Amino acid sequence: MAKKDGSIMYKCSNCGYSQPRWLGRCPECNEWNTLEEVIIDSRKITAAGRGTEEQVKVKPVTMEKIQAQDNTRLSTGIPEFDRVLGGGATKKSVILLGGEPGIGKSTLLLQTVASIKSTLKPDQNILYISGEESSEQIKERADRLKLDVNGINLLCTSRLEDALDSLDALNPAFTIVDSIQTIYSVNAGLVPATVNQLKYCSQEFIQWTKEHESVLIMTAHVTKDGTIAGPKSLEHMVDTVISFERNNEDIRFLHAQKNRFGSIDEIGIFSMTEKGLVPVLDPSSLFLTKRTQNQPAGVTCTPVFEGTRVFLVEIQALTVPAKASVTRVYSEKIDSGRVSRIAAVIEKHCGLKFSDQDIYVNVAGGVRLNESSIDLALAAALFSARTDLAADKNAVFFGELSLAGEIRPVNKEKQRVKAAQNLGFSVIYSPADCKEEGVNPLCSIKDLVKTFKK
């Protein structure tokens with residue numbers, strides 16, 4: 001009987017026998033209730049040119065019949081990477097890792113595949129697909145970093161069809177694609193990195209991963225603005241989007257911009273050394289400047305939360321007379337709108353003029369600050385810079401500043417106080433509602449001004 005596209009057939013899940021009508025018992029293997037409804041689609045062709053003529057018709061099921069799976073996460077073997085992923089990589093998930101050229105994406109992933117071997121079973125495979133480097137270059141890096149890469153399968157190709165064939169043959173539990181912009185398929189043209197190529201190749205990788213007990217990490221190039229190059233839909237297609245950034249030194253920051261299986265508040269911190277990327281496990285004082293002399297004006301410290309950890313960071317402010325009729329705020333690590341708002345509150349309630357000043361704000365170490373608890377420290381830095389009065393070098397500030405000049409409470413005050421005290425800060429300025437021992441409560445911006453000695 002000729003099979004027409006879109007027609008319904010019934011296929012035995014036990015022996016593969018198919019016929020056009022449903023039967024309670026398979027005529028071929030004599031098993032009961034094994035005939036399943038399938039749709040005939042001879043035009044269904046995958047990227048590798050493999051036709052799937054019969055496709056099982058998907059039917060809805062009630063939620064109570066679905067059983068949640070345990071042990072769905074796979075540890076990467078790198079604690080900082082696991083932290084950002086929410087405790088490890090979730091099976092059947094696709095992760096997109098973006099970062100500027102030379103930041104260390106390939107180094108991080110090579111260290112990951114070398115570390116993850118210890119968490120896998122002996123019969124589970126790892127596949128590293130590289131479209132940018134040759135096998136000799138990758139092996140040379142592994143030898144330089146003294147990584148044990150024995151047993152890891154390496155495929156250097158830009159053809160999607162070759163990659164899918166290797167996935168089918170090895171059925172790896174962990175796969176790296178470095179990078180997705182270099183992969184192309186003949187079904188979407190011959191030029192890599194076009195919009196159609198990125199969407200088509202990504203979808204093929206994602207579909208394969210969702211059908212297998214595997215984890216896939218794809219690296220991606222970024223634009224000069226730091227965003228992932230290509231269509232925005234690429235970020236919607238994957239489960240997790242991770243950004244890899246750096247400060248002006250050898251510190252690298254790993255944080256999630258999207259994570260379907262965990263929080264996006266966690267941050268992973270690495271130090272780039274001759275041995276590769278080394279996790280910074282205790283970064284509490286990493287962003288503080290060690291001084292032997294008195295603290296200069298315009299500098300304050302504040303405890304901030306990144307996920308579940310507290311960091312002590314240094315905020316630096318500088319004010320100079322405006323060079324033009326319009327004043328400007330220069331701030332990269334703190335939103336310039338927040339800086340302008342804090343300066344306006346000080347000008348309104350303290351009578352200190354900022355409207356004729358250019359304002360420069362920086363965060364030592366290059367970490368980006370977004371939470372409202374930094375308002376008090378930022379206000380102290382701006383006031384100190386404008387009056388040339390230095391804050392106490394043993395002091396930290398935290399609290400939210402309202403437009404009325406009130407200092408409002410923030411969350412997790414106990415952890416902030418404890419972290420500051422552990423690092424030797426003896427003077428802690430906090431909101432008045434803070435009940436912790438050893439703090440100096442402040443009610444308003446005017447109380448903050450009184451702490452500076454003339």
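The legends below accompany close-up views of a predicted model.

Residues are numbered from 1 along each chain as its sequence is written. Because this is a prediction, local features need pLDDT of at least 70 and side-chain atom pairs count only at pLDDT 80 or more, while totals for chains, interfaces and linings use all residues.

**View 1. Four strands make an open sheet in the order β16-β17-β19-β18.** The pairing here is mixed, and two strands count as paired if DSSP finds at least two bridges between them. Strands (E, at least two residues) and helices (H or I, at least four) are DSSP runs numbered from the N terminus. At the edges you will find β16 (299-306) and β18 (329-331), each pairing on one side only. From one strand to the next, the twist averages 25 degrees.

View 2. To find your place, look for Thr319, whose bridge partner in β19 is Ile359.

**View 3. The largest pocket has a volume of about 1100 Å³.** A pocket is an open set of points on a 1 Å grid over the protein atoms alone, where a 1.4 Å probe fits, with protein on both sides within 12 Å along at least five of seven lines; lining residues have an atom within 4 Å of a point. Of its 45 lining residues, Glu245, His255, Gly366, Val367 and Arg368 are the closest to the centre. Elements giving two or more residues to the lining include β7 (93-99), β12 (240-246) and β13 (251-259). Sorted by class, the lining has 14 nonpolar, 16 polar and 15 charged residues, with Gly counted as polar.

**View 4. A three-stranded open sheet runs in the order β20-β23-β24, with parallel pairing.** Its edge strands are β20 (395-397) and β24 (439-442). Strand β23 (residues 427-431) pairs with β24 over four bridges, and Pro431 has Leu442 as its bridge partner in β24. Helix α9 (residues 413-422) packs on this sheet, touching β20, β23 and β24, and its direction makes about 165 degrees with that of β23.

Notes:
Heavy atoms only, no water. Axes fitted to C-alpha atoms, helices over the stretch in contact; angles between N-to-C directions. Points joined across faces, edges and corners; volume = space filled by probe spheres on them. Contact = heavy atoms within 4.5 Å.
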